Amino acid sequence: MITLFKNKGECCGCSACSQICPKNAISMITDEKGFLYPSISSDKCIECNACKTVCPIQNKFTYFDYSQKSFALKHLNAGERKSSSSGGAFIELAKSVINNNGSVYGAAFDKTFKVKHIRVTTLPELEQLKKSKYVQSDITGIYSQVKTDLNEGHPVLFSGTGCQVQGLKNYLKKPYDNLLCVDIVCHGVPSQKVFDDYLSMLENKYKSKIISVNFRGKAVKNKVQDMLIKFENGKTYSSIAALDSYYSFFIKNFDLRESCYSCQFSCPDRTGDISLADFWKIENQYPEFQDYKGISLLLINSEKGQHAFDTIKSNYDFIETPIELAMSQSPFKKPFDKPHKSDLFWNIYISKGYDACVKKLHFMPKLKYKIKRLLK
Ligand SMILES: Cc1cc2nc3c(=O)[nH]c(=O)nc-3n(C[C@H](O)[C@H](O)[C@H](O)COP(=O)(O)OP(=O)(O)OC[C@H]3O[C@@H](n4cnc5c(N)ncnc54)[C@H](O)[C@@H]3O)c2cc1C
């Protein structure tokens, strides 16, 4: 009987193993933290090892032999920029594929705010893929759809975290000229279960159903609102990241998937033809370029990536930056260390639930932050 990993840190949850299995012997099951892990049915397993050959963690990834270039860019259309996380780099790459009768794959919310990868073939549908959802997206069944599109000769843009992109490439087994991969630079993912619990807490507090969630609300009249949530009763909740419990656990890396702390994709070598990130602290080097409305970092990692960028660049105000500047951002260097409070977070979460985590691990830091700001 095949076992896929020795400890949970060796599974990123991309589900490539489950999707490649010729006997459908592998199901993805949610654990007590809310992350998906493969479970193999010994009755069905024929020990063909197909699952092991596609695992992006157990197999070293091969990167492009290309001299990388990096750009800081902002969309010329203010609306496109506002409705994207950073400078709106993703949207034009996606539009150009759709306009060529292609399909785009990326992460979207469903009606109950579950984050799932979906296939999009029209421009209006693309809106669903915009903006980061800081939750691990469920990618079940997607790789086979991508393969079908590719074999039918359609251009395909697949976007996802580094492990999801590499999971796809391993699943496909061979390169496709009509596939453009975009890796979304990621420092780690929290689980859907924690996110659901956070939303329930807010619904109870506001006594109303949530109708929209926006992780990157952007500033309105200089009021930063990283998290922006709207309710059926017309009320709105907005908060800066440091004062919002979900955001604060995420940016302090308390509640990430175990494999994120040893992520092999947190490095300068990339698995996508293009990598996208926020260009943090660009003002230190290029103060004139910073306008605090969101700036994308676009990294070109292959000739195909260069061609895709050449096709869309007229839509942006951009500058080429030294590659060392781009690579100085944390997720390009190495994975984040696991903070000692992470185990405490999960112990409280599993035994007492999300609200208890907020009381024990968020209330005091929030108070300290508020006092510090008042004193300033
Ligand atoms: C979990 C996560 C962690 C991140 N961490 C960092 C970081 O530490 N540093 C940094 O510089 N940037 C990080 N990013 C990337 C950043 O938030 C923006 O996604 C990126 O700058 C692209 O912005 P954009 O304006 O070009 O396009 P947008 O329109 O905002 O891009 C949307 C794209 O993001 C994809 N996407 C959204 N949510 C998810 C998800 N849950 N899983 C996979 N793909 C998703 C969509 O499919 C689409 O391709 C992270 C993104 C995610 C999803």
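This is a predicted model: local features need pLDDT of at least 70, side-chain atom pairs count only at pLDDT 80 or more; totals for chains, interfaces and linings use all residues.
1. Strands of a sheet pair through backbone hydrogen bonds, and the pairing may be either parallel or antiparallel.

2. Strand E11 and its two partners. Both senses of pairing can be followed at strand E11. Strand E7 (residues 179-184) and strand E11 (residues 274-278) pair in the parallel sense over three bridges, and Ile184 stands opposite Leu276 in E11. With E12, strand E11 pairs in the antiparallel sense over five bridges; here Ile274 stands opposite Ile300 in E12. How many of the five residues of E11 are buried? Four of them are, so the strand is largely enclosed by the rest of the structure.

3. The contact between H4 and H9. Two packed helices are described by the angle between their axes and the distance between the axes. For helix H4 (residues 89-99) and helix H9 (residues 303-312), the axes come within 10 Å and cross at roughly 95 degrees. Are these helices roughly parallel or roughly perpendicular? H4 is roughly perpendicular to H9, because angles of 65 to 115 degrees are placed in that class. On the H4 side the contact is made by Glu92, Leu93 and Ser96, and on the H9 side by Ala308, Thr311 and Ile312. Sorted by class, the contact has three nonpolar, two polar and one charged residues.

4. The three-stranded sheet. A further open sheet has three strands in the order E8-E9-E10, with antiparallel pairing. Strand E8 (210-214) and strand E10 (236-239) are at its edges; each has a single partner strand, so one side of each is left without a neighbour in the sheet. From one strand to the next, the twist averages 10 degrees. Four bridges join strand E9 (residues 227-231) to E10, and the bridge partner of Lys230 in E10 is Thr236. Helix H7 (residues 192-206) packs on this sheet and touches E8, E9 and E10, its direction making about 130 degrees with that of E8.

5. Asp196 in helix H7. Asp196 is located in helix H7. Is Asp196 buried or partly exposed? Asp196 has 16 C-beta neighbours inside 10 Å and therefore counts as partly exposed. The C-alpha atom of Asp196 is separated by 23 Å from that of Met364, a residue 168 places away along the chain.

6. The hairpin of E1 and E2. Strand E1 is joined to strand E2 (residues 36-40) by five bridges, and the two strands run antiparallel. Together they form a hairpin with five residues between them, and Gly34 in the turn has a positive phi of about 100 degrees. Ile29 stands opposite Tyr37 in E2.

7. Met28 in strand E1. Met28 belongs to strand E1 (residues 26-30) and is partly exposed, with 18 other C-beta atoms within 10 Å. Leaving aside residues up to four places away in sequence, Met28 touches Ser15, Ser18, Leu36, Tyr37, Pro38 and Thr140. Between the C-alpha atoms of Met28 and Ser15, 13 residues apart along the chain, the separation is 7.0 Å.

8. Division into domains. The protein is divided into domain 1 (8-54), domain 2 (69-189 + 256-333) and domain 3 (192-254 + 340-375). The C-alpha centres of domain 2 and domain 3 lie 26 Å apart. Where these domains meet, 17 residues of domain 2 are in contact with 12 residues of domain 3. The side of domain 2 that touches domain 3 has seven nonpolar, five polar and five charged residues.

Definitions and conventions. Residues are numbered from 1 along each chain as its sequence is written. Two strands pair if DSSP finds at least two bridges between them. Axes are lines fitted to C-alpha atoms, for helices over the stretch in contact, and angles run from 0 to 180 degrees between N-to-C directions. Two residues are in contact if their C-beta atoms, placed from the backbone, lie within 7 Å. Angles under 35 degrees count as roughly parallel, over 145 as roughly antiparallel, 65 to 115 as roughly perpendicular and the rest as oblique. Ala, Val, Leu, Ile, Met, Phe, Trp, Tyr, Cys and Pro count as nonpolar, Asp, Glu, Lys and Arg as charged, and the others, Gly among them, as polar. A residue is buried if 20 or more other C-beta atoms lie within 10 Å of its own, exposed if 12 or fewer, and partly exposed in between; C-beta atoms are placed from the backbone. Domain bounds come from an automatic or database domain assignment.
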